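Here is a short report on one protein model. Keep the sequence and the 3D view side by side as you read.

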Amino acid sequence: MFNVKWGTGAGYGDFVTGLGYAHTSAIKYQTPVHIEFYWNHSEDYLFSPLDPETIVERCDYIYSIMRQLPQVSVSHQFNVNPDFRFYNQLDEFNPMHGLWYTDMPDQTKKKHVAIWTTDFNISFPGHWKDPVNKRWNDIRTKLSDYVLEEITYRTPVKEAIEIINRCEFGIGYDGLAHQLFKFMWKPLFVFCDRKWLNNILILQAILLSNADEFIHSDTNNLLSQAKE
């Protein structure tokens, strides 16, 4: 048995890579894998009273829609503060290590776009995660020919996944929904300063540094690049 321990936080990105890594490890190392997530709060903790579900419920839901491997198991530890981020994470800098799949049927709708911004966040995460935070309305205007479906932290996880499943592509900042695309395999554009890290976290993404890179480009050409 390969035992993986994974320290978590308040966002999707704090656990989705762990779920993918557990599954890829079962194949790579040809062994059963157990991953245990460590949470520094109780099972029923809500980051915001407006959240429709707990972060643990979100983790469990994402796991439920993934293509299951019988040799992978998942558990949780609550109210703990481990002195590690990972234990038995042997491929942290391998861009392939967190990728996996779902068994959901593709329901892509032409001209539908999933968008997530920092406009509705409780607090601004920093320019390094969202270098276009003053330009989201300009980006929305650029996409005026599309049906924009917003994902926020107040969006129920089931609805967020449904939005991604039917979108033609996604666009957003370095956070919230971007790592959910590890499993959904849709084209996406991510605005970020941490390109070195996002090349590891979400290698399917086209990474952009500023709003004008997107606004002054042909969307169809960018989309072709993203699909490729």
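This is a predicted model: local features need pLDDT of at least 70, side-chain atom pairs count only at pLDDT 80 or more; totals for chains, interfaces and linings use all residues.

Strands of a sheet pair through backbone hydrogen bonds, either parallel or antiparallel. This sheet has examples of both. β1 and β2 are parallel and share 6 bridges. One of the residue pairs is Lys5 with Glu36 of β2. On the other hand, strand β1 (residues 2–7) runs antiparallel to β4, with 2 bridges between them. There, Trp6 has Phe86 of β4 as its bridge partner.

## Helices on the sheet

## An enclosed strand

How many residues of β2 are buried? The count is 6 of the 6, so β2 is largely enclosed by the rest of the structure.

In a regular strand the side chains alternate between the two faces of the sheet. Look at β2 with that in mind. Val33, Ile35 and Phe37 are on one side. His34, Glu36 and Tyr38 are on the other. Both faces are covered, and all of these residues are buried.

Now follow α2 to another partner. Helix α2 (residues 55–65) packs with helix α4 (residues 157–166) at an angle of about 45 degrees. Their axes are 10 Å apart. That angle makes α2 oblique to α4. The crossing is right-handed.

Which residues make the contact? From α2 come Arg58, Tyr61, Ile62 and Ile65. From α4 come Val157, Lys158 and Ile161. By class, the contact has 5 nonpolar and 2 charged residues, with no polar ones.

## A buried histidine

Find His178 in the loop between β7 (169–173) and α5 (181–184). Is His178 buried or exposed? His178 has a relative accessible area of 3%, so it counts as buried; the cut-off for buried is under 20%.

What does His178 touch, leaving aside residues up to four places away in sequence? Its contacts are Trp116, Tyr173, Leu188, Val190, Asn198 and Ile202.

Conventions: Residues are numbered from 1 along each chain as its sequence is written. Side-chain values use heavy atoms; hydrogens and water are left out. Axes are lines fitted to C-alpha atoms, for helices over the stretch in contact, and angles run from 0 to 180 degrees between N-to-C directions. Helices (H or I, at least four residues) and strands (E, at least two) are DSSP runs, numbered from the N terminus. Angles under 35 degrees count as roughly parallel, over 145 as roughly antiparallel, 65 to 115 as roughly perpendicular and the rest as oblique. A crossing is left-handed if the near helix is turned anticlockwise from the far one by less than a right angle, and right-handed if clockwise. Contact means heavy atoms within 4.5 Å. Ala, Val, Leu, Ile, Met, Phe, Trp, Tyr, Cys and Pro count as nonpolar, Asp, Glu, Lys and Arg as charged, and the others, Gly among them, as polar. Buried means under 20% relative accessible area, exposed over 50%, partly exposed in between (1.4 Å probe, protein chains only). Two strands pair if DSSP finds at least two bridges between them.
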